Amino acid sequence: MTQPAKILFVDDESQMLTALKRVFRGEEFEVSTANSGQEGLQLLESTDFDVIISDMRMPEMDGAAFLALSCDICPGSRRILLTGYSDQDSTVRAINEGQVHQYLTKPWDNNQLRDAVMAEWKEKQSIDANSVNFEEYEQLKSQVDTVSKDLENATSLADMAKESVVQQFNTTIRIISNLIHLRIPSSGVISEDIIRHSVAMAKILKLSNKVVAEYRHAARLYQLGKLSFPEKLLDGPLMELSKAELEYYYKHAEIGADLLTPLSSLDYAANLIRHQYENYDGTGQPDGLATNKIPLGSRILRMVIDYHLLCSGLYFKDKYSGTDAIEYLAAHSGTKYDPDLQKVYAKLLTKLTDTSTQLNDRIRKTRELIPGEVISRDLINQDGVLLVSKGTVLSVPIIDKLIDIEVRCKRELNAFVLRGEREDVPAET
């Protein structure tokens with residue numbers, strides 16, 4: 001059975017209280033009355049009323065003052081003020097200070113008053129139903145604290161597990177990298193520099209930490225596809241391979257990327273590895289991608305790897321100095337390499353390379369050779385045939401012959417010439 005609505009009427013006129021009690025006859029109401037504000041406060045000390053109704057004009061303590069004090073004793077009660085037409089200022093004060101929920105003018109309409117009280121009673125029931133008492137609050141707080149601690153512990157364990165997985169993942173990559181170095185001993189010497197330069201480029205370009213990590217993985221694993229190669233494809237300079245051997249050699253990029261397929265966490269790095277031989281002008285492989293369609297990491301990787309192969313003698317038979325390697329990259333900017341990235345990398349290399357100990361010769365493409373320059377190293381083609389011997393003074397016929405060989409063989413020739421030394425060669429007649 002629903003509890004009756006507890007109502008308190010406060011008015012200094014007894015006939016008014018009697019009239020109010022008549023309006024609220026019935027089992028659904030439990031009515032109390034008080035002849036003054038002070039008497040009303042005393043009743044509030046002992047009973048929690050649902051609705052408090054007070055007249056505005058009362059001696060000693062008016063309705064506004066009474067309702068304001070009632071807020072401290074029964075904060076959950078709903079308050080209604082009965083006021084005359086001339087009590088506007090007092091009504092405003094009651095609304096502001098006494099938290100009055102409704103006010104009705106005197107003389108009141110019985111039905112209107114009854115409806116107002118019923119509405120406030122239902123509102124209080126709704127609020128009470130959705131509120132939590134102190135004991136329930138403490139129980140809920142305790143449960144929330146327990147869940148929070150459990151969640152915190154679970155998060156901590158998850159973070160530890162995640163960190164452990166990341167460590168194992170990175171260790172696995174290093175193990176694979178070590179296996180590559182065991183199979184290709186010469187690569188281990190330059191591998192760390194390739195990783196360092198690739199990461200440095202990524203940071204210069206202000207790429208995210210996640211992307212930097214992917215570039216590091218790709219730099220560690222870019223030779224994975226070479227593990228099944230015969231010795232001949234691993235030891236000699238790249239440009240000493242025959243055309244067929246070179247085509248087979250370039251396949252290691254696709255093979256390595258395919259080997260990483262089962263590891264979905266390395267999909268990004270695998271894609272960089274797959275496209276490491278794409279040329280900026282679209283003449284590379286495997287897909288003939290060009291310009292920005294080539295993954296940024298692949299463009300960086302291609303340039304960094306070639307630089308280190310040039311300086312280590314693994315690209316051409318003769319080692320390039322740092323300066324010569326930088327010039328080689330610049331000479332192929334826009335064809336093999338991204339022009340913008342090449343300029344950035346050149347600045348980085350200038351800072352990293354000790355130019356005070358450069359070799360006394362420099363590399364030139366055949367079309368850049370000048371009559372009178374002296375060949376500083378034997379120039380040998382990919383089949384081991386000596387084309388020009390060390391110490392030869394270049395002439396126009398010799399240069400033209402080298403260019404012709406380069407065109408017929410479709411293989412780039414590069415010659416080393418002494419720096420700052422040149423002999424006068426008579427012009428051909």
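Author: A crossing is right-handed if the near helix is turned clockwise from the far one by less than a right angle, and left-handed if anticlockwise; in this predicted model, α8 passes α13 in the right-handed sense. Local features need pLDDT of at least 70 and side-chain atom pairs 80 or more, while totals for chains, interfaces and linings use all residues. Residues are numbered from 1 along each chain as its sequence is written, and side-chain values use heavy atoms, without hydrogens and water.

Reader: Why is α8 called oblique to α13?

Author: Helix α8 (residues 209–221) and helix α13 (residues 296–312) pack at about 45 degrees, with their axes 11 Å apart. This makes the pair oblique, because angles under 35 degrees count as roughly parallel, over 145 as roughly antiparallel, 65 to 115 as roughly perpendicular and the rest as oblique.

Reader: What makes α8 and α13 meet?

Author: Contact means heavy atoms within 4.5 Å, and Y215, A218 and A219 in α8 meet L296, G297, I300 and L301 in α13. The residues of this contact divide into six nonpolar, one polar and no charged, with Gly counted among the polar residues.

Reader: How do you know that β3 and β4 pair?

Author: Two strands pair if DSSP finds at least two bridges between them; β3 (residues 51–55) and β4 (residues 78–83) have five, in the parallel sense. In β4, R79 is the bridge partner of I52.

Reader: What makes β2 and β5 edge strands?

Author: The open sheet runs β2-β1-β3-β4-β5 with parallel pairing, and β2 (29–34) and β5 (102–105) each pair on one side only. Neighbouring strands of this sheet are turned by 20 degrees against each other on average, direction ignored.

Technical notes:
Helix = DSSP H or I, 4+ residues; strand = E, 2+ residues; numbered from the N terminus. Axes fitted to C-alpha atoms, helices over the stretch in contact; angles between N-to-C directions.
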